[in-house]
Amino acid sequence: MTSHRSDLLRILEERGYIHQVTDAEGLDALAAKQIVPGYIGFDATAPSLHVGSLVQIMMLRRLQQTGHKPVVLMGGGTTRIGDPTGRDESRQMLTDQAIADNIAGIRTVFERLLTFGDGPTDAVMVDNQDWLGSLGYIELLQDVGPHFTVNRMLTFDSVKLRLEREQPMTFLEFNYMILQGYDFRHLAREMGVRLQMGGSDQWGNIVNGMELGRRMDGAELFGLTTPLLTTADGKKMGKTASGAVWLNEAQLPSYDFWQFWRNTDDRDVGRFLRLFTDLPLGEIERLDALEGAEINDAKTVLANEVTALVRGEEAARTAQDTASRTFGGGGTGIDLPRLSVGPEGMRIGAVLTALGFTASNGEAKRKLAEGAVKLDGDTVSDPAFLIDVSEGSEAKLSLGKKKHAILKP
């Protein structure tokens, strides 16, 4: 392992955050002698970020933990354009009010994980609509346009992949990388930001912004990306059969959030403990070395630690208690997902799909045929079975050993 002078680079490397750095020695020297303001951008396309964004948020937390200043850039302006990276089609346009509401929802997670304020290492949240919204088109063309060549822009993965798949890319989206580069230059000039971080798919955009700052202002800027985060079975982090794993309680109950981490593949436990918790590395090594049934203890620690960070200590305790009651004592727990089947009742296949336990009625039929579905402990195999819950009572529906829900009238 490379020896670093700064706590920032040492901790980022020890915990597995680093994929590429534009100038590791230069950034290390800078971080060893002064406070480095660093930023990551997040577009406001939904009222919550999902687990796929958590590694970026944790990088900002590490930045602050090592004595530097996190800048959270909300893309109120760029959300109106749409990042084409990794996308085959244009993004849905949102109203100004929807974007403002989304930013308010997203901020709640950052407030748990970062300390905001006016101090030199306190986090700040800024919105690029504040400067992009007032930027004149002619001004942008004159000042920024000469520093971009279409030849180079066509080599960016976000553009090249779309063209190779013969998917249309609008001129609106083509401008996204220019605006993202302008963000870095603006933050460097106005706030002294020296570092942009992001996922590995943002490498080209980050380098673009660095070069723009150097050409326009002579600024020495740095870029750092994380590895593409996938699970051991090759799936994209944060996606499940039933949808995205949202960070906010309003979009995903805390029990489901906790259960996502508790169901982590054995091979991912150590890596996720390093990335997503504040546990000391020695304790992580001990947990990662557990084998057999004991690895489940490490998964419970992972679920508790991440849930406590993102949702709060009480949410973590309640979720673990619910799991203990459900899996250990045959009880129902207080934090399981709940669904009303209504006075007329619902077919069991429709219930499974409505809960997100299955992605379609076809999958529900297969699970029923396999004998994987139980209602109050009894196996149900008929997809036409009508679940009718009496007033004042409730029923427990289970799919396999890991998915449970409470059904109400």
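Trainee: Which residues form one aromatic cluster?
Mentor: Phe-257, Phe-260, Trp-261, Phe-272 and Phe-276 do, where rings of Phe, Tyr and Trp (its six-membered ring) pair if their centres lie within 6.5 Å. This is a predicted model, in which local features need pLDDT of at least 70 and side-chain atom pairs count only at pLDDT 80 or more, while totals for chains, interfaces and linings use all residues. Residues are numbered from 1 along each chain as its sequence is written, and side-chain values use heavy atoms, with hydrogens and water left out.

Trainee: And how many aromatic pairs does the count come to?
Mentor: The count comes to seven aromatic pairs. One of them joins Tyr-39 and Phe-184, with 5.5 Å centre to centre and 65° between the planes, which is edge-to-face (planes over 60 degrees apart, against under 30 for stacked and the rest for tilted).

Trainee: Where do Tyr-39 and Phe-184 lie?
Mentor: Tyr-39 is in strand E2 (residues 37-42) and Phe-184 in helix H10, so the pair ties together parts that are 145 residues apart in sequence. Helices (H or I, at least four residues) and strands (E, at least two) are DSSP runs, numbered from the N terminus.

Trainee: Are they buried or exposed?
Mentor: Both Tyr-39 and Phe-184 are buried, meaning under 20% relative accessible area, with exposed over 50% and partly exposed in between (1.4 Å probe, protein chains only). Another edge-to-face pair is Phe-42 with Phe-110, at 5.1 Å centre to centre and 65° between the planes, and this pair links strand E2 to helix H4 (residues 96-113) across 68 residues.

Trainee: Switching to helices, at what angle do H13 and H15 pack?
Mentor: Helix H13 (residues 269-276) and helix H15 (residues 295-311) pack at about 20°, with their axes 10 Å apart; axes are lines fitted to C-alpha atoms, for helices over the stretch in contact, and angles run from 0 to 180 degrees between N-to-C directions. That makes H13 roughly parallel to H15, since angles under 35 degrees count as roughly parallel, over 145 as roughly antiparallel, 65 to 115 as roughly perpendicular and the rest as oblique.

Trainee: Which residues of H13 make the contact?
Mentor: Val-269, Phe-272, Leu-273 and Phe-276 of H13 do, facing residues of H15 that include Ile-295, Lys-299 and Leu-309, where contact means heavy atoms within 4.5 Å.

Trainee: What about H10 and H11?
Mentor: Helix H10 (residues 176-191) and helix H11 (residues 203-217) pack at about 55°, with axes 8 Å apart, which makes H10 oblique to H11.
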